[in-house]
Amino acid sequence: MKKCMVIGEIMGTCLISFDVHEDSRGSLIAVEQFKEIPFEIKRVYYMWGTDKGIVRGKHAHKDLQQVLICLNGSCKVSTSDGKTKTEYNLKNPKDGLLISGLVWREMYDFSQDAVLMVIASDHYNEDDYIRDYETFLELVRNS
Ligand code: T46
């Protein structure tokens, strides 16, 4: 699993490890745009209650950059640039999976208590989605 070496790194897919503030009261993580999150934050959404056998995602984005954080429980995320496929096991809220560029993503194996939060660089826009895998491969070939 590739770790993000430079937080300013925008392209590709890698894991950002957030700093945790721990004391006798528990743990706290803070993320800010252009700091832990390498883009301007325009949207946050989260999903839960996804059964074990369900696969979410199954699309790529033209321009959107996102950081996926599993706040509770666990889930797996597979990413592919059309050539190489990588599987990430998100099970710790101090890990953020940065996905940017032309990347096909699928989320699956959600634990019953999983809450997956996504921080996004833009507002919701269906036109930014590539939902057909052949179209995705064609775009990869031409990019
Ligand atoms: C992504 C992965 C990681 C909205 O109305 N606004 C939103 O911001 C989002 C994200 C979704 N929706 C609506 C559109 C659909 O009717 O919520 C419904 C479920 O969305 P979708 O099927 O796209 O959800 P996932 O889990 O397959 O994918 C989501 C994001 O859409 C996508 O950008 O990269 O999470």
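## Fold and ligand site

Read from the N terminus, the order of elements is β-β-β-β-β-β-β-β-β-β-β-β-α. This is a predicted model, in which local features need pLDDT of at least 70 and side-chain atom pairs pLDDT 80 or more, while totals for chains, interfaces and linings use all residues. Residues are numbered from 1 along each chain as its sequence is written, and side-chain values use heavy atoms, without hydrogens and water.

The radius of gyration of the protein chain (over C-alpha atoms) is 15 Å, which agrees with the value near 15 Å for a compact globule of 143 residues. Along the principal axes, the C-alpha atoms fill a box of roughly 55 × 35 × 30 Å.

The shell around the ligand has 13 residues, and R43, R56, H61, Q66 and Y129 come nearest; a residue counts as near if one of its heavy atoms lies within 4 Å. By class, the shell divides into five nonpolar, four polar and four charged residues. Strand 4 (43-48), strand 5 (56-61) and strand 10 (104-108) each supply at least two shell residues. The largest share, four residues, comes from strand 5.

| Side chain | Ligand atom | Distance |
|---|---|---|
| Y45 | oxygen | 3.3 Å |
| H59 | oxygen | 3.3 Å |
| R131 | oxygen | 3.5 Å |

Taken alone, the ligand exposes 650 Å², of which the protein buries 67% (Shrake-Rupley method, 1.4 Å probe).

How values were computed:
A polar contact is a pair of N or O atoms within 3.5 Å; within protein, one must be able to donate a hydrogen and the other to accept it, and residues adjacent in sequence count only if both atoms are side-chain atoms. Ala, Val, Leu, Ile, Met, Phe, Trp, Tyr, Cys and Pro count as nonpolar, Asp, Glu, Lys and Arg as charged, and the others, Gly among them, as polar. The radius of gyration is taken over C-alpha atoms; the globule rule is 2.2 Å times the number of residues to the power 0.38.
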